Structures are given as C-alpha cells and as structure tokens.
Amino acid sequence: MGSNSQTTNRMGLTALTIMTASNMMGSGVFMLPSSLAQIGSISIWGWALTFCGVLVLALTFAKTNQISPCQGGVIAHIGLTFGPYIGLQTTLYYWLATWIGNCALLISGVGYLAFFFPILHHPLYAAGTCIAILWLFVALGLQGARVVGYAQIFTGSCMLAVVLGIGVLGWFHFDAHLYMRSYNVTQQNSHHAILSAAAISLWGFLGIESASVSSAQAINPKRNIPLATILGLTLAALSYVSSSNVIMGILPHSQLIDSTSPFADTARTLWGTTAGECVSALAIIACLGAMPGWQILQTEVPRAAAEAGLFPRLFAATNRHGVAYKGLVCTACLMTGVILLTISPNLEQQFRTIIVLAISASLIPYAFAALSLPVTMVAKKLNRGRQFTLYSCLSLLGLAFVTTALLGAGTQPLFWGIILQMVTIPLYLLYVMRQQTPPQSVTPPCLMSDRCAGHRSFIAVSVDPDAVSKE
C-alpha cells in the first residue's frame, strides 16, 4: 500500500515536460529580453548557438538516463563515473546553481509584481517580498511532487499564454528598422557580442536536466524522462526565440534595457494598460510558479549525495510526502541570505549579478555530465558500432559548447568557478575523514539505489564487494 501511495504521488510525462520547460522558461524568459538588450538584436545568433549546444547536452543526458537510470539523474551519475571527489565537486556546484538561480527567479517575479505595486521598485521592499514568497513556496514544496506537478501544469499554461501571445501576435506590429537600429550596442566585434549573448541566453536553458534529476519523483522514468527532456527543450526554445526577438522590434532600446517587466511593457504598448496588467498578472503566476519545480531539483541532488555519504545526512531526511524537507529548509535559509546580500537599486542589475553566479556553478557539472556518457557506454560494453561513435561525438560537442560558454561569460564565472573548486578540497578531506576508509572503497550513489541495479563503471572494481552484497 505504501508503494502504491508513492507511485501515485509521482509525476507523469505531461507534468515532467511542463516542469522541464517551466524550469527553463521561468528562470529566463521574463527578464532575458532586458538583459540581452544590453548586447543588441545580434543576440539572435547567440540564441542559435546556445540552442544547438543545449540540444547536444539534452541528447547526451537523455541517453545516459536511458542506459543507466539513477536517483539524482545525470548529476548524481557523475560520482559513479568519475569517483567520489568529482561527484562531491559537481554535486556542490549544481546544488549552488539551483538555489542561487531560484533567487533570480524570485527577483523576476517581483519585477513584474512592481507593475502593480510601484513601491516594490524600492530595493528593501523588493527583497522583503522575495523572501516572503520564497517561504510560501517552501510550504507548498513540502506537500510533495504530485502537488507540485499539478501546480506547474497550471502555471506553465499561464506562461505559454504570455510568451506565445506576445511571440505570435507581436509579429503583426514588428518594426524591422527598430530591431536593426540596436543590432550590436556592445562597441565590440560581432564575434565577441555573439559569445556574450550565448553565455547570457544559456541562463534561459538552465534546467534542461530537470526531468533527469527528478527521476525519483517520476512515473516510468526510463521512458518519460528522455521524452520530457526533448519536448521541454523544444517548447522552451520556440518560445524564447519568437518572444525575445519580437520584443526588440516593438519596444525602443532605451526603454527595454531598463524594463523590469518587458512582456507587460510590450503588451501595454500594443494593446493598452489593461492588456499590460493582464500580461503582468499571468507573468507573475508563471514566473513564481516555476519555483516548486526548482525546489525539487535543489533537494534531489543533495539528497542522492547524502545517501552516498558525500553530503551531510540531514539532506537525506524525508517527510511523509517523500520530500527532503531539511534540505529544502536549509537551502531556503541560504537563498534568503543571497537575496539580502545582492540588494541593488536596479532589479535588472541584481538579476544579472545572480545569474552570473548561477551560470558559474552550473557549467562544470554540465561538462562532466556530457563526458560521463561515453565512459558509461564503455563500462556497459556498448562501445561498438555507430551509436557509440555518434554519442561520443555528441559528448565532445557538449564539452566544446560548455567551454565556449565559459569563455563568452567573461572573467567573473571563471573566477567564481575556481573559488568553488578550491572550496571542494577541504570538504572532500572532511568526507574522507568521516568515512575513515580510502575514498576508492566508497560505494557510489547509484550502487546504493535499487533504481540503478546492475550498473557498473570503471570505478566499480574498487567498490567493497561486501558492501555491494549487502544491498
């Protein structure tokens, strides 16, 4: 009876697809037009580059989950493939990326809320509202994945109504001369501008691994997760390209770069104040509605790591709904601190500061996740034929894309990436001391889960055979 209850509390294909698209779009679509306006309409080529790179990553993530499903998804799978130190490092990176990114999501929602309540343009009031909404969604997240799934179907529909409404109907009012007038405003060459746009637009696709990471909360994960990943990416990409470009051809550049609610401002320009209010209301629901899905991500990865001994045990504690409640509360406290520490007179500037931090933390896990696919295929004796060659090439392309995105993002992400990597060294030493055994004898996360039974990789030869037999 308990098993049946757990199954009915999980998400199906529709909820997983909406969650994947919502996690990507909710974290970027509503504020990115203003951020990309700092570069100009040349950013359309950055969108194209980013979409191709993220599609490669999506295909590798989907294949990895298909041949070796694992609780915690492709991020937890890294520890199995490359060992506990890399597993600890990438889990920490990804965990930081998810909850730091959630701060930007809250700021986006409050930016649109300021359309109705201008007092929220004041940084202190905006920060207080972000924190209040955060803890409201913590309460919702504690109710389990099924409640989250239903909520995201509704909020995802609101998102599509806004994005597709502007992205389709806006083309009837598109001004090509206005669009080309601010083609490249960076005062740098086109190559550099495109790379910068690709790095910023990558923020809009963070969350491509959402379905994979949430495998423990999914029905029939082996089938539904790859489908949800590709469908969610396609839906998000079409919405992004259409909406962000049409807005640049409707709003004057000087207005767009300072806008905290570009979709609402566009609707107001086209159809009047009432339309702007309706779009802003839907955007608030949609933007903040992505929070519960991201809350699942920010607890599932550290939960898998805690079960493997890489993270403190408190992250593995779950309530009766199967939610890692201690991890959820812990990250909410950290998010509160980040919101307070990054308070800025300009919401858009605060948004850009936070997404730089989130991108810095997310790119390294993406690189290792891409490389883990060919290693896993070799370990499972799938390293013959055209399929292995194809996916090996895709993995290398994914690595090249991550490297390009890091270079295009400038020095800040590289700086923070190095700092985060240095932090993992003493954390790993503490982990080894706690285990009181050589790191090679630690059972990887996937070997500790019945969802990954039968999976063996290169590091599996060093696993304590007694520990495996006890499983």
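The points below go through the nonpolar core, the aromatic pairs and a surface patch.

1. Please keep in mind that this is a predicted model. Its largest nonpolar core has 114 residues, and Phe30, Leu106 and Phe263 touch the most other members. Helix 6 (residues 84-113) gives the most to this core, contributing 18 residues.

2. Phe263 deserves a look of its own. Beyond its neighbours within four places in sequence, its contacts include Val29, Phe30, Pro33, Tyr112 and Val279. Among the others are Val162, Val163 and Ile166, along with Ser243 and Ile247.

3. You will find nine aromatic pairs in the structure. In one of them, the ring centres of Trp95 and Phe315 are 5.5 Å apart with planes at 80°, so the pair is edge-to-face. It links distant parts of the chain, 220 residues apart: Trp95 sits in helix 6, and Phe315 in the loop between helix 16 (291-307) and helix 17 (325-341). Trp95 is buried at 8% relative accessibility, and Phe315 is buried at 6%.

4. Phe205 and Tyr240 form an edge-to-face pair too, because their ring centres are 5.2 Å apart and their planes lie at 75°. Phe205 is in the loop between helix 10 (190-202) and helix 11 (210-213), while Tyr240 is in helix 12 (residues 221-248), so the pair ties together parts 35 residues apart in sequence. Phe205 is buried at 2% relative accessibility, as is Tyr240 at 1%. Ring pairs also bring in Trp47, giving a cluster of Trp47, Phe205 and Tyr240.

5. Finally, have a look at the surface. A nonpolar patch of about 850 Å² has Phe415, Trp416, Leu430 and Met433 among its members. Met433 lies in helix 20 (residues 411-435) and counts as exposed, at 60% relative accessibility.

Key: Residues numbered from 1 in each chain as written. Predicted model: local features only at pLDDT ≥ 70, side-chain atom pairs only at ≥ 80, totals over all residues. Heavy atoms only, no water. Core = buried A, V, L, I, M, F, W, Y, C linked by side-chain atoms within 4.5 Å. Buried < 20%, exposed > 50% of the residue type's maximum accessible area, 1.4 Å probe, protein only. Helix = DSSP H or I, 4+ residues; strand = E, 2+ residues; numbered from the N terminus. Contact = heavy atoms within 4.5 Å. Patch = residues over 30% accessible without salt bridge, like charges linked within 9 Å, V, L, I, M, F, W, Y side chains within 5 Å. Areas by Shrake-Rupley, 256 points an atom, 1.4 Å probe, with all protein chains shown as cover. Salt bridge = Lys/Arg side-chain N within 4 Å of Asp/Glu carboxyl O. Phe/Tyr/Trp six-rings, centres within 6.5 Å; stacked < 30°, edge-to-face > 60°.
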